[in-house]
Structures are given as C-alpha cells and as structure tokens.
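Colleague: I would like to go through this model with you, one question at a time. Could we begin once it is on the screen?

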Amino acid sequence: MSVAKKEYKRVTVKSVQEMKENGEKISMLTAYDYTMARIVDGAGVDVILVGDSASNVMAGHETTLPITLDQMIYHASSVVRGIDRALVVVDLPFGSYQSDPKEALRSAIRIMKESGGHAVKLEGGKEIKDSIKRILNAGIPVMGHLGLTPQAIYKFGTYTVRAKEEAEAEKLKADAKMLEKCGCFAIVLEKIPAHLAKEVAESVSIPVIGIGAGSGVDGQVLVLHDLLGMTHEFNPRFLRRYMHLYEDMTKAIGQYVDDVKSVDFPNAEESY
Ligand code: KIV
C-alpha cells in the first residue's frame, strides 16, 4: 500500500511524527562522512543516523564499543556539512552515558554543540531512564534503541534475534512505553520478531523504526555500507543489498592496477 508523500524541505522530529500519523513510512540510513551524506541526503532519505556502527564499517573494529565521543563528533560534523534536508541523529557511544545522567547530558551537549547534529540516540530501557530525562530536559531530542543493542554484545554473547522469550518481550514492551512517556521522539527496534515489533509500533504514538524487525513498524533503517554491498561478509537475513559494490569496486580498482602496469593509463588525452 502506498501513501501520498508530503514534501518536507527539512525533516524535523515533528516531520517524522507527522509521517507516522499520516501512515507514511520513514526512511533512515547511516552515513559517516561528507561525501556519502551528500548522496544519501540528495536521494531523499528522511533520517540520517551517524551510527556507532562507524566503529565497525569505518574503523574495522569487531564491535561498536571502541569508538569514542570525539570520533563520533568528527563523523557527525562531516555528515552535517553534507546535508540540506535530512534529520541527523547521532549515536552516543559506549561509555559516554552509562555511568550517570550528568555525564550523559555532558556527552549529548558536546554532540549537539560540536557536530551540529539534530538529535541523539541511546541504547537501553529503564536502566538509562534518568539519563534520557536529563538530556530531554535540556531540549535535546532523544531516539531510543531497544532489542538487539550492540553496545551490550558482551552481555548477550551473540548477535541473534532478541526478545523471543516472553520475559524479554514483556520488558521490551514496558521499555518502549517508558521511552514514549519520557518524551523520546522515536525508537529503533533491532532484530526482534516481526509480530512483537508491530505490536510495539501500534502501542506507542511515536515513530518506531525497525532493523530486522519486519514491516509492521513505521520506518526502516539499514547500515549504508551493507545496503550498497560493500560489506560482503555480513549476510543477516534482514539485509537487502541494492548493489554489490564490493565486487564492482574490486573489479574497477583491479582494472586501474592493470592499466597502470601496462601503461594504458594515462593515455594521450589524459595527459597535458
Ligand atoms: O549504529 C548503527 O548503525 C545503528 C543502527 C544499526 C540502528 O544503531
């Protein structure tokens, strides 16, 4: 079913709320640098997430834990310089908000001041409620993140589907309600059963954006490098690849190497 799209010159937290109310699905994608942000924004993506997945795809770490607040600010400020329309949400990295609400607020303020991002995202439910409230009280929009929360990977032990058991599903539903009540403007649900994600999206008035959470939510998010097929070893079931850039780029770069070696490049027209 397709719904008429309203034109937004600039997407704000109010716009994404309106999209939910109008039944228009919200598109969200990660970006970590200026050039990619220009392309993603120009293609009409509503929300750009400067995700701490930068730790994996940009820096080559196995988990999202090592990325620092300074590094997130560097990525986010590059993205902000590349956008005209999208709402830019920036992940608070591991260790920048878990110890106490004052530290969480200080970290969120640094992101807003130094990167120019429009909102922050934090992973977790009632354990971080006080930090979320503190940030919201300062006028900074907050997006929640429940389900598979990669910053807690060492607690979970694996990246498998979360909240399949009753107790975890009940906690997730209660956490989603709490995030809505606190004043979060949206929630990401990662890798949970589709029926549970749909139930949560229908039970809260704020937008719910899914990744590996089925189609019954209010929008979808993917990691840009996965969508473009640059990360060819990563093959979760939820991922739809729209390109196969790993193969295409390898071929193009291999051709360049051959052309340099054979002195085919540069030719007369490519020389001064
Ligand atoms: O860091 C990230 O890219 C994310 C998305 C997977 C939602 O948090």
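**Domains, ligand and core**

Modeller: This is a predicted model. Its chain is assigned domain 1, residues 13-241, and domain 2, residues 244-272.

Colleague: How many Å separate the centres of domain 1 and domain 2?

Modeller: The two domains do make contact, with five residues taken from domain 1 and five residues from domain 2. Their centres are taken over C-alpha atoms. The separation of those centres is 38 Å.

Colleague: How do the residues of the shell around the ligand divide?

Modeller: The ligand is surrounded by T30, L49, G51, D52, S53, D91, K121, H145, V188, E190, I211 and V223. Gly counts as polar and Asp as charged in this sorting. The shell residues then divide into four nonpolar, four polar and four charged.

Colleague: Which residue has a polar side-chain atom 2.5 Å from an oxygen atom of the ligand?

Modeller: Polar contacts are pairs of N or O atoms within 3.5 Å. For the side chain of D91, the distance to a ligand oxygen is 3.1 Å. For the side chain of K121, it is 2.9 Å. The residue at 2.5 Å is S53.

Colleague: What percentage of the ligand's accessible area does the protein cover?

Modeller: On its own, the ligand has 260 Å² of accessible area. The share of this that the protein covers is 95%.

Colleague: How many residues are in the largest nonpolar core?

Modeller: V120, L122, I132, I135 and L189 have the most contacts inside this core. V120, for one, touches residues including V89, L92, I111, I135 and M143, leaving out those up to four places away in sequence. Another core, of 18 residues, lies apart from it and has V16, M19, M28 and A119 among its members. The residue count of the largest core is 63.

Methods
Residues are numbered from 1 along each chain as its sequence is written. This is a predicted model: local features need pLDDT of at least 70, side-chain atom pairs count only at pLDDT 80 or more; totals for chains, interfaces and linings use all residues. Side-chain values use heavy atoms; hydrogens and water are left out. A residue is near a molecule or strand if one of its heavy atoms lies within 4 Å of it. A polar contact is a pair of N or O atoms within 3.5 Å; within protein, one must be able to donate a hydrogen and the other to accept it, and residues adjacent in sequence count only if both atoms are side-chain atoms. Accessible areas come from the Shrake-Rupley method with a 1.4 Å probe; for residues, only the protein chains shown count as cover. A nonpolar core is a set of buried Ala, Val, Leu, Ile, Met, Phe, Trp, Tyr and Cys residues joined through side-chain atoms within 4.5 Å. Buried means under 20% relative accessible area, exposed over 50%, partly exposed in between (1.4 Å probe, protein chains only). Contact means heavy atoms within 4.5 Å. Domain bounds come from an automatic or database domain assignment.
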